[in-house]
Amino acid sequence: MEDFLKQCQQSGDAAYSALRSLLERLENPSTRTDARIFLSELQKRFTSKEDNDRCLQTYHFQIQDIYVEQYEGSQKRKKLTMMVIPSIFVPEDWSFTFYEGLNRHPDAIFKDRTLAELGCGNGWISIAIAQKWLPSKVYGLDINPRAVKISWINLYLNALDGSGQPIYDADNKTLLDRVEFYESDLLSYCRNNNIELERIVGCIPQILNPNPDAMSKMITENASEEFLHSLSNYCALQGFVEDQFGLGLIARAVEEGISVIKPLGIMIFNMGGRPGQAVCKRLFERRGLQVDKIWQTKVLQAADTDISALVEIEKNSPHRFEFFMGLAGDQPICARTAWAYAKAGGRISHALSVYSCQLRQPNQVKRIFEFLTNGLDDIRSSLDLSFEEDSVADEKIPFLAHLANVLKHLSFFPYEPPAGSRRFRGLIANFMNTYHHIPLTAANVVVFPSRNVAIESALRLLSPSLAIVDEQLSRYLPKQWLTSLKNVEKRETGENSEEVITVIEAPRQSDLMVDLIKKLRPEVVVTGMGQFESVTSSAFEHLLDTTKEIGCQLFLDISDHFVLSSLPSSNGVLKYLARSPLPPHATIVCGLLKNQVYKDLEVAFVISEDKEMFKALCRTVELLQGSTAIISQYYYGCLFHELLAFQLADRHPRSQRNAEETGATKVNGVSSLTYPVLDHAELSINESDESSVLHMDVDQSFLPITTPVKAAIFESFARQNITESETDVTDGIKRLVSSSYGFSSDINTEFIYAGSPAELFTNLVICCAQEGGTLCFPTGSNGNYVSAARFLKANIVTIPTNPEAGYKLTEERLTRTLETVKNPWIYISGPTINPTGLVYSNEEINKLLSVCAKFGARIILDTSFSGVQYNSKGFDGWNLGDTLKKLSSANPATSVCLLGGLFFKMLSSGLKFGFLLMNQPSLVDAFHSSGGVSKPHSTIKYTVKKLLDSGEDLLNGIAEQMENLRSRFKSLKQTLENSGWEVLNAEAGVSIVAKPSAYFGKTIKLKVGSGNREIKLDDTNIRDAMLTSTGLCINSASWTGIPGYCRFTIALEDKDFKRALDCITQFKSLVS
């Protein structure tokens, strides 16, 4: 005994060394009894409080009793015998308050549970929990290695009696069976050992003056006592927004707890109230936890704690900390007042609370945080899973979990048909079948960006001379349609109608609508239904019969009556569809806007059971909009999935309906010119869900999505209360077009944004047609844009391009064409030309613009395929500033419309965004009156702004992908040339063109059904032949506009790109 005390007296380190030797004896079963008896004798040496205090000062340790229960009749108070040393926290008000909070829970909360205590110190709370509530296992964790060793000594002190014999509980177990202590930075031990916890408790310090350097020092048990005590205080910044309040460590503990706690687990933490109760509570709520404050008291602020840092925070922000004057004060005072009061000799206190919290949607919240730990720590501060209404939480949290899962596991967004994601359309059909007993399939559903876009697109498809439209649905239609009455007058006189559509607005009341239909006999009717008429199907059936009788197409909007709910109310239209098929002349339109979270996020779907109408609508959305944003489809798809996932599939077989005659209905007066345009346009192929077509025919990047893009997408949906300035992309677009193209903007410049460049191009074509202009496409332009212009009945002229110049547009050929054209509109793709992948130099584009100015041409300068120059040495962008100034002064009629997007600039697959810059007021007015475009949702604009403002990480990711594209081009060029193709050298973009010279005139046998068919290859069938024989889909010469040349896109996923090369080689072997 004396030798032990003599060693302890030398220093704190010497005392710790002696205690560590004692622990080794306790751990050894053969010496354990003697070691425990030694501890009993040691405690007897220092029985009084004065002796205990002297022991700590002289021998650098102390053994004390902690009473954990009040008196109960004649029973003695229950106590723990605990040892402390200077380098770890001693039990004090914080930990006692915390234990009182634990006592507020019912006994069953810890019984037979697995739990961990964070920052266990000398282990007294872990031991007390095990002794009182008999949990299955308690893991006491502390970053201080000396604390862990002392905790083990304390465990033996309480697991064995004074004679060294085990103390058994009601389950015939000892504390040694229930408690273990480990050195661990918060929950790292549990995470590293895959331990799932049912309870996590922690009395974690809050530090007012964080020291970022503390954690960089070496953490060893041989470190100085001062450093180890400081370490127990966690003096490091944790990288959380809560650091400014001293709560960063608790924030990290909560997030680590989310990763290891079981779904129904509970976390309990002690928190000082200095930052304010609202801040403390929000720390948990914004991480998806429901929180209850189960106990609160006040403690005096330590006299040696400097709160001046909090005064500085208050000086520079509106936040106010919470202190009290003494223990009896009940009105909070700010840090500045508290500092002044303390300086004057007053005692200040602060609240000390115990919070119990539980994940509100555990599996989904866990998935979100798993995603955030995957290199996306920077966006954790933006996450906010606190909601005033449960309905909002029930909608947003599952979607964020789904989005996190998609972004984590998908390296790119897969190809989806322009008609909409197969999964999303299938979910809509399943919802209709399950909840409304309507046996639809994905082949009956087409997805549009919005209801207004769907209605306008349908009218452009059918191109009626006269349409009647519900006045509530006509407000966003082109102004010209709503102001013309000539077609009505010409009908009365029997004259041929003009090509412009005349729209007559009608009230939303079926009897009045029917009367108008019978009198005016329109070709198309678009209407909704009043609430009182939607209850039964009689009004709908009346409309069906009337429109069928006169040969009229009916589009019925059910948006106001369609509810996404597990208890959806039905309506007359859905009741009708449950018993009868939708007639061929009728189509249902439904805009999805009734979500709880993103009020302006819209997707629309159209239902048709007529194959021809379905096909035409699919092609229409592809030409006019490109497709609907995939992430918007993910959002509503998640809502549909939540409503379907809990149901047993076998309980909802496909509903049966009455067999009715569904033959084609003749529609009077509807243009027959539109459908042939769709049939002759080379658009996306129809493929089954099981097909594995390789798409080298779409302008989409399947390269890995860079981390900054993933982070921006997720953050845009995770944020709440996004300000208008955070979604204002105009400054970023200004910088982009100025730095890349030298395109200057002023107060007269109109910035127009849409869901895609294709939508903006569509409206420009309409402006051209309304002006009586001629749209001039150079040979070798985007095939979809050319087809869209034909669909919109624009007057089109093709400008021959120069084969020797790689099919670029030249001054000479442009001049020759413009000399013969009135009111020219010139389409130029650049700097990167789609589809050839060549680049217009600054000199070339300025010369072309000067030629256009001579003839007063309007110029559509399409930059939306530019931004990825991987093989264009010496190209530093355009500088159009001086030329544009000369254009406006030389010929006021000349104007440049700069069309663009960020897809190629950022290689950000899945993001749909288009912008248009216009400088001529009259053209701006014409554009806005020509029809509606789908506005990009605020989340998209937030993402775009983040990407435009991104720094080096994004640039590095883009540079890596550009190098990948350079390598891809070389590989594809070599494979094509080895297989008999003539390849046009490309410099940028994601597509190249090549001519199958060695194949023309040769034959190939194709499997058709159960037999074979032999065809001779030429321009018209090379695409189908390659698709049928190899599964590789490319664009043919009818798409590129260059005789003989097909297009291949190169931004495929690695495995798919290698498969595509194999398909090209395979095709060569199949051609005889």
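Predicted model: local features only at pLDDT ≥ 70, side-chain atom pairs only at ≥ 80, totals over all residues.
Confidence was examined over the whole chain. The mean pLDDT is 87. A value of 70 or more is reached by 91% of the residues.

An open sheet is built from seven strands. Their order is S11-S17-S16-S15-S14-S12-S13, and the pairing is mixed. Strand S11 (445-448) and strand S13 (502-506) stand at the edges. Each has a single partner strand, so one side of each is left without a neighbour in the sheet. From one strand to the next, the twist averages 20 degrees. Within it, phenylalanine 448 stands opposite alanine 604 of S17.

Helices contact this sheet. Helix H22 (residues 538-550) packs on it and touches strand S14 (524-527), strand S15 (553-557) and strand S16 (586-592). The direction of H22 makes about 160 degrees with that of S15. Helix H25 (residues 630-644) lies across S11, S16 and S17. The angle between H25 and S17 is about 70 degrees.

Charged pairs were considered next. The structure holds 40 salt bridges. One of them joins glutamate 682 to arginine 1023, with the closest N and O atoms 3.7 Å apart. Glutamate 682 lies in the loop between helix H26 (674-680) and strand S18 (694-695). Arginine 1023 belongs to helix H38 (residues 1022-1030). The pair therefore ties together parts that are 341 residues apart in sequence. Both partners fall under the 20% cut-off for burial. Glutamate 682 is buried, because its relative accessible area is 10%. Arginine 1023 also counts as buried, at 9% relative accessibility.

A second salt bridge connects lysine 946 with glutamate 715. Here the closest N and O atoms are 3.4 Å apart. This pair, too, links distant parts of the chain. Lysine 946 sits in helix H36 (residues 938-948), and glutamate 715 sits in helix H27 (residues 707-718). The two residues are 231 residues apart. Their surroundings were compared by accessibility. Lysine 946 is partly exposed, with a relative accessible area of 33%, whereas glutamate 715 is buried, with a value of 6%.

A further pair lies within one helix. Glutamate 812 forms a salt bridge with arginine 816, and the closest N and O atoms are 2.4 Å apart. Both residues belong to helix H31 (residues 811-818). They are four residues apart in that helix, so about one helical turn separates them. Glutamate 812 is exposed, with a relative accessible area of 53%. Arginine 816 is partly exposed, at 47%.

Salt bridges also form a network. Its members are Lys111, Asp169, Asp171 and Arg178.

How values were computed:
Residues numbered from 1 in each chain as written. Heavy atoms only, no water. pLDDT = per-residue confidence, 0-100. Salt bridge = Lys/Arg side-chain N within 4 Å of Asp/Glu carboxyl O. Buried < 20%, exposed > 50% of the residue type's maximum accessible area, 1.4 Å probe, protein only. Pairing = 2+ DSSP bridges. Axes fitted to C-alpha atoms, helices over the stretch in contact; angles between N-to-C directions. Contact = heavy atoms within 4.5 Å.
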